Amino acid sequence: MSGLIVLAIYVGIFVAAFFIISRIASRTTRDYTSLKTVTFGDESAVRPNRAAGIISILTIFLLWGMFTGSSLLPSFLHAPGPFVGETSFDYTAEANGQSDTATVTVIVHPRAENPSFNEPAGGDGFAKNDIISVAQWRSKLVPWDKNDDISKSDGSQITAIDGQSVNPGDTVNVTGGSVTISDKGTPNFKPYNGWQMEPLYLPAPETVVDRTIKLANEGFRGTSLYGHLGWSLFRVVAGFLLGAIVGIPLGYAMGLSNWFRGWFDPIVEFMRPVPPLALIPLVIIWAGIGEVGKIILLFLAALWIMAIAARAGVSGVNISKVHAAYSLGASKWQIMRYVIIPNSLPEIFTGARVAMGVCWGTVVAAELVAAEKGAGMMIMVASKFQNTDIVLLGIILIGIIGFGIDMLMRMAEKYLVPWKGRG
């Protein structure tokens, strides 16, 4: 239910921002692109809207703060939180042809607290009042007959909750939560969870920031935070470069030679859909659990992508350009140097960006195998101890570094391949 609410809010913000920004842009923008009469299918007419990007990021952090009760947001922006405080419900018990009603007082407290309380006054009949405490996002069975004069073993059983008749398996909504009768007739109180996420599953942004500062100062398992990130970056870059060094020439050979295409195409097409994670056992058998095995796994993750990108780049060269070069007396090497390589570079850069993303996704699995350093190792160890804030921190840092590398590759592509999209 909470997921659908988050999705609905996100879609609502997206639609509202689109119409507002579009209305403002239509009144203020006067550049050439905005005056084009035909923009559909024209790559030069589609540029990232910076306002949309900023609003998109802010929306994610807004939703994160709303559904974790973040102190960084004013309270009126918080989604309804879990019930905290004191509540009660009545139960009616029947035994030996007589019935009686007692009250169960429930104290719902934060998980970090363990409140003390006094036992309530008994009652006039055989059913006595009870009091229990339960933590947020948890539930608890009520030992209702523990202090009753007639216990469940003597034939007493609950027949109603707050005046509503119940049978085993029935649920009754009460103030601050709900009561479900178990198969054995014991009421189970579950407090209202609200819409916010439990910190165990999604900590608030400030919790992740505090953990980041702590790890930056103290490190994690004997290594600084920068050391973990540095090792992951080294493994990814090393695996990617080896994959590019082997994959690009292989792709060129497959795109230029029928023999190479026939020989290697079955291998490349067979390995392309195999996820790198499936190769982990084989890599361990072949190369062990050291650094070599991790880099080999990342190398294999990048190799096939780069080979296919280079092959597609060669195959996509306009044949009229090749004929024009031949007519001008160009040799095969000159055609390779001045026609094929320049025209295939856009595809290669696209493949490189995809391969780098796959390598970052694979490094977590690569560092799962006997790694002592690395962001992936940090995530996996933290997950075993349910340190969700460290897991989120690792994911965010990997995403930021990966995004930074992608932006650098885009800048390099823009500088080295200025003819992309110009025919």
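**Packing of helices H4 and H9**

In this predicted model, helix H4, spanning residues 225–256, and helix H9, spanning residues 332–366, approach each other so that their axes come within 9 Å and cross at roughly 145°. The crossing of H4 and H9 is right-handed.

On the H4 side, the contact is made by Ser232, Leu233, Val236, Phe240, Ile248, Tyr252 and Leu256, and these residues meet a set in H9 that includes Met336, Ile340, Ile341, Ser344, Ile348, Ala352, Met356, Trp360 and Val363. By residue class, the contact of H4 with H9 consists of 16 nonpolar residues and two polar ones, with no charged residue taking part.

**Strand E1 and its partners**

Strand E1 (residues 85–95) pairs with strand E2 (residues 98–109) in the antiparallel sense, over 11 bridges, and Ala95 stands opposite Gln98 in E2. The hairpin of E1 and E2 has two residues between the strands, and Asn96 there takes a positive phi near 55°.

E1 is also joined to strand E5 (residues 157–161), to which it runs antiparallel, by four bridges; in this pairing the bridge partner of Glu94 is Gln157 in E5.

**The four-stranded open sheet**

Four strands, in the order E4-E9-E8-E7, form an open sheet whose pairing is antiparallel. Its edges are strand E4 (140–141) and strand E7 (171–174), each of which pairs on one side only.

Within this order, strand E8 (residues 177–181) and strand E9 (residues 187–191) run antiparallel and are joined by five bridges, with Thr180 standing opposite Asn188 in E9.

Note on methods:
Residues are numbered from 1 along each chain as its sequence is written. This is a predicted model: local features need pLDDT of at least 70, side-chain atom pairs count only at pLDDT 80 or more; totals for chains, interfaces and linings use all residues. Side-chain values use heavy atoms; hydrogens and water are left out. Axes are lines fitted to C-alpha atoms, for helices over the stretch in contact, and angles run from 0 to 180 degrees between N-to-C directions. A crossing is left-handed if the near helix is turned anticlockwise from the far one by less than a right angle, and right-handed if clockwise. Contact means heavy atoms within 4.5 Å. Ala, Val, Leu, Ile, Met, Phe, Trp, Tyr, Cys and Pro count as nonpolar, Asp, Glu, Lys and Arg as charged, and the others, Gly among them, as polar. Two strands pair if DSSP finds at least two bridges between them.
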